[in-house]
Amino acid sequence: MAEEDLLPTTLEVLGAAGEFPACPSRGPLRSIILAMTGQDVRRCSSCAGCECLTAPGMDLTVGEIVRAAARDDPQALTCATLWTCEDLLLRPIPCSSGLALDSIMIALQHEAELRGLAPAEAPNP
């Protein structure tokens with residue numbers, strides 16, 4: 001069986017009411033990010049140091065995404081920012097808590113792709 005056959009479709013993931021069911025086989029986002037990157041998103045101190053980083057097309061700030069991932073909030077995987085912040089990922093993103101924010105964003109992109117939540121084509125900023 002191909003890997004694509006094992007992955008849920010976007011409709012299966014979001015459900016009829018648009019809620020974000022847990023992917024029991026994958027676990028909560030904070031655990032997935034920790035396993036993929038060694039970064040514990042719960043360490044985010046909400047200092048707002050990364051809030052000034054912006055790129056065209058962003059709907060959430062990097063800090064909002066990290067905090068959403070820590071809460072296992074669906075916005076961490078469905079926000080447009082994951083696919084419009086490529087320029088930000090080309091350089092280290094400052095974090096007073098010592099989190100490797102670029103690694104976290106890449107892990108979230110990967111997880112969104114695995115869950116079938118990535119856009120068909122990444123938008124152009």
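Modeller: Let's start in H4, where Val-62, Gly-63, Ile-65, Val-66, Ala-68, Ala-69 and Ala-70 are buried. You're looking at a predicted model, where local features need pLDDT of at least 70 and side-chain atom pairs pLDDT 80 or more, while totals for chains, interfaces and linings use all residues. Residues are numbered from 1 along each chain as its sequence is written, and side-chain values use heavy atoms, with hydrogens and water left out.

Colleague: What does buried mean here?

Modeller: Buried is under 20% relative accessible area, exposed is over 50%, and partly exposed lies in between (1.4 Å probe, protein chains only). By that rule, 38% of the chain's 125 residues are buried. In H4, seven of nine residues are buried, so the helix is mostly covered.

Colleague: How many helices and strands does the chain have?

Modeller: Helices (H or I, at least four residues) and strands (E, at least two) are DSSP runs, numbered from the N terminus. This chain has eight helices and zero strands.

Colleague: And what covers the buried residues of H4?

Modeller: You look for contacts, meaning heavy atoms within 4.5 Å. The cover of H4 includes H3, H5, H6, H7 and H8.

Colleague: Which residues touch the most other members of the largest nonpolar core?

Modeller: A nonpolar core is a set of buried Ala, Val, Leu, Ile, Met, Phe, Trp, Tyr and Cys residues joined through side-chain atoms within 4.5 Å. The largest one has 31 residues, and Val-62, Leu-101, Ile-104 and Leu-108 touch the most other members. The elements giving two or more residues to this core include H4 (62-70) and H8 (101-114). Leave out residues up to four places away in sequence, and Leu-101 touches Cys-50, Val-62, Val-66, Ile-93, Pro-94 and Cys-95.

Colleague: How do I check the length of H8?

Modeller: The expected span is 1.5 Å times one less than the number of residues. H8 has 14 residues, so it should span 20 Å, and its end C-alpha atoms are 20 Å apart, which agrees.

Colleague: Which residues are closest to the centre of the largest cavity?

Modeller: On a 1 Å grid over the protein atoms alone, a cavity is a set of points where a 1.4 Å probe fits but cannot get out; lining residues have an atom within 4 Å of a point. Here 14 residues line the largest cavity, and Cys-44, Cys-47, Cys-50, Cys-95 and Leu-101 are the closest to its centre. H4 gives the most to that lining, with three residues.

Conventions. On a 1 Å grid over the protein atoms alone, a cavity is a set of points where a 1.4 Å probe fits but cannot get out, and a pocket is an open set with protein on both sides within 12 Å along at least five of seven lines; lining residues have an atom within 4 Å of a point.
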